[in-house]
Amino acid sequence: MRKKNIEIKILFGAIVLLFILFLAAPIVMLLLKSFQDGTGKFWIHYVEVLSGKGFWKAVGNSLKAAGSSAAITTVLAFILAYTVHYTNLPGGLKKIVRYGAVLPMLLPTITYGFAIIYAFGRQGLITKLIGHQLFDIYGYGGLLIGYIIYTLPISFLLIHNTMGYIDKKFMVVSRIMGDSGFQTFRMTVLRPLTGTLAASFIQSFFLAFTDFGIPASVGGQYEVVASVLYEEMLGSVPDFNRGAVVAMVMLIPSVASIAVLSFLEKYNVRYNKISPVENFKNPVRDGLCGVASLLTAALIGIVFAVVFIVPFVNGWPYDMTLTLDHFRETLQTPALAGVFKNSLFVALITAIAGSLVAYGAALITTRSSLPVKSKRVIESIALVTNTIPGMVIGIAFLLLFSRTSLRNTFALMILCNIVHYFSTPYLMMKNSLEKMNASWETTAMLMGDNWVKTIFRVVTPNALPTILEVFSYYFVNAMVTVSAVIFIAGARTMVITTKIKELQHFAKFNEIFVLSLCILFTNIVAKGVFRTIANYQRKTNKNKGENHMKMKKAAAACLAGLMTLSAFALTGCSGGNSGAAKEVVIYSNADDEAVEAMKNALDGNGYEGKYMFQTFGTAELGGKLLAEGKNIEADMITMSSFYLDSAQEQNQMFLDLTFDAKPLAETSSFYTPITSQEGAIIVNTEVMKAENLPMPKSLKDLADPVYEGQISVTDIKSSSTAWLLIQAIVSEYGEDGAKEVLSGIYKNAGPHIEDSGSGPIKKVRSGEVAIGFGLRHQAVADKAEGLPIDYVDPTEGNFSLTESVAVIDKGDKTNGLAMEMAECIIKNGREELQKTYPNPLYEGETADSAQKSAYPKVFPETLTVELLKKHQELSESCK
């Protein structure tokens, strides 16, 4: 018996080993991190988090929003799948329903929030068409719509796939036995789908429960647990210990889900064969299902219509002149071709390897004779992978593999995708396989075939349509994912979604939509190819006689090719560490204008082609510095100065500079400033006029109730831009006076307290609010481009944060060249940098009076992480 089961055991062992290394180990690492503390107080981080202000409210909000959206999503997905399988609607309408249901999964989730704002916001497409805003999109309502759209494709695919394996002849038998229509529906449709419907609810629930992108855009002040996790892991002062605690809390609901699905397993139904039966004629049923399905598809289409409209106009919503400039400028970006190739490679290998893993796991649980305990291991893996947020996996991979050869490689990204998205492909394969005739293996055994031959010759051809669905699912999700890979992609292994995240940092939303369309069209083409292959397979299966041996040989060749490519991807495609590689890798949190100036300085002084530039959000780069230390991919960093101080104190990772730049202010020996970023009040002149609002002169004015609902600011917990606002208020009014002013500003901002530094100017540009507080140079640039944007220097002062350059001690291979480039940027780039960031930083520099802010000031205390934490506490007390 052992000999007969050896193939199954090898397959089982390989799959379990994969998830031990790339699921269990990262989770264990996070668990240990949640208890790690130098003082010996074992539970200190749990006490801090669980007793923290608003934590349990955020958990309750998450349960409510995710639970209600999962219930609605499952009902809608059932109606859509039922319309496709059990009505007599025309085939064309059924295609619209199918395509409409899966459309959202073809786009990056990072664009969902923007699409909702541009559709239902104050200046949104729907609002413009009907003349008024239907509802407030910020808070529970916006989350509900976003979560439903986000989770509908997964839910639909699960239910749609399982419905295809329900034998409809039992409906005829039920009617002959005299059952009512409802009884027939309950016993022959709902009963076989019980397990799948439960799986759909749980999948949808956890996707919503762990998503951060949608709350970041439309969550407003309806804080959810994923937002708390983001603030702890990627806030302006990351705390991986507290973040690990939040991650552990988010895993608790998985225990209940495992118990529920285990209980519902007994309701799964197998059929000996699937009988072709025509649907009963019922015009009322067809009409109701058709209307409900088409309305659902239409709503999805309308929401995403803005993605097709906004990039083709000069400046939404004020200049609606058609243009292709945004497309041309985006697609002519030199690095885009390489990034796009990277995305295709990662998606293809993820789909190949992921399909093999999901198919192998489903075979073990449905078509093998392994013990029940072994099968439960696979089931548990599938459920756990569905409960872990992508950004938690990314952080765990970052911390666990930062000191290994897998760091910044394609292989690690592929493994991350396989683990992250394993649950749905596995359930799709499992639901298909368990609907097939259970006696095939027994019959084959009597004929002398072993298990492997039976799977290859009988099961796989019948499962091929679902295998292609799984392949498509992995490919599409690998193309659109961003939450996990953003932390493990390197400068040489960046993919297109991480490019979108970079553009979000620069608030370039036209370009975001352009790249989203590129991904959409790629995924549409890919799905079309997969569907063509599936249709060809179905036609081939109808004529198995003379083509049988050819099919077997072709299948064997394909399977061998897939395995070879998968093995190559997971062992040989290191990607990040092998390349052309004596280029200096530069990591930066700088804005687009600063990056361009630094590149011009390097290119103009003989360094063109000798470096690679990669930008990140401040918190993301800060997290990488603190987590990776000297093991970071970068050789040189441009970053907020206070972060560099913290990273050096923790990791001793920077070299002392070997050149004297003569800065005006005293700095640490290992960095020197590049830019000084100032804050200012930003206004939308057209909205100000339409709402008849007075022009503010000070930050204190923003606390006036006349501005209620018309202000957007950033949250200092997640963005250092907010520090510029708080520095000015504290400096002018003291801490007690600052509380009063800040409380009024937060009350007026309401749901428009943003997590991203570019959030306020985005809201002001789109007309969602009239006033924001953000980076002064962004408003100056918008005004110069002719947008209805102006800026006000607040009388409390234009406070600033410096960003500096530092060289990481990586050894003789790069230290010398990186130091030369750092000196080149300072000595040759400052003239261009001052056109955007006018504050003098070095001896001999003067500010252009036309660009200089009205009230430049410096906070009386040295800016440190400790001071930032103190001001965060002040901010929280004002909410």
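Student: Why does Gln 652 count as exposed?

Tutor: Gln 652 has a relative accessibility of 51%, and since exposed means over 50%, buried under 20% and partly exposed in between (1.4 Å probe, protein chains only), Gln 652 counts as exposed. The model is predicted, so local features need pLDDT of at least 70 and side-chain atom pairs count only at pLDDT 80 or more, while totals for chains, interfaces and linings use all residues. Residues are numbered from 1 along each chain as its sequence is written, and side-chain values use heavy atoms, with hydrogens and water left out.

Student: What makes the phi of Gln 652 worth a remark?

Tutor: Most residues other than glycine have a negative phi. Gln 652, however, is not a glycine and has a positive phi of about 45°. Gln 652 lies in the loop between helix H28 (641-651) and strand S6 (671-684), where helices (H or I, at least four residues) and strands (E, at least two) are DSSP runs numbered from the N terminus. Lys 662 lies in the loop between H28 and S6 as well, and Lys 662, also not a glycine, has a positive phi of about 60°.

Student: How do you know that Asp 660 and Lys 662 form a salt bridge?

Tutor: The closest N and O atoms of the pair are 3.4 Å apart, and a salt bridge is a side-chain nitrogen of Lys or Arg within 4 Å of a carboxyl oxygen of Asp or Glu, so Asp 660 and Lys 662 qualify. By this rule the count comes to 20 salt bridges. Of these two partners, Asp 660 counts as exposed at 56% relative accessibility, whereas Lys 662 is partly exposed at 43%.

Student: Which parts does the salt bridge between Lys 879 and Asp 715 tie together?

Tutor: The closest N and O atoms of Lys 879 and Asp 715 are 2.6 Å apart. Lys 879 lies in the segment after helix H34 (865-877) and Asp 715 in the loop between strand S7 (711-714) and helix H30 (721-749), so the pair ties together parts that are 164 residues apart in sequence.

Student: Why is H1 called oblique to H16?

Tutor: H1 and helix H16 (residues 336-366) pack at an angle of about 125°, with their axes 10 Å apart. Angles under 35 degrees count as roughly parallel, over 145 as roughly antiparallel, 65 to 115 as roughly perpendicular and the rest as oblique, so H1 is oblique to H16. These axes are lines fitted to C-alpha atoms, for helices over the stretch in contact, and the angles run from 0 to 180 degrees between N-to-C directions.

Student: Where is Ile 20, and what makes it partly exposed?

Tutor: Ile 20 is in helix H1 (residues 6-35), and its relative accessible area of 44% makes Ile 20 partly exposed.
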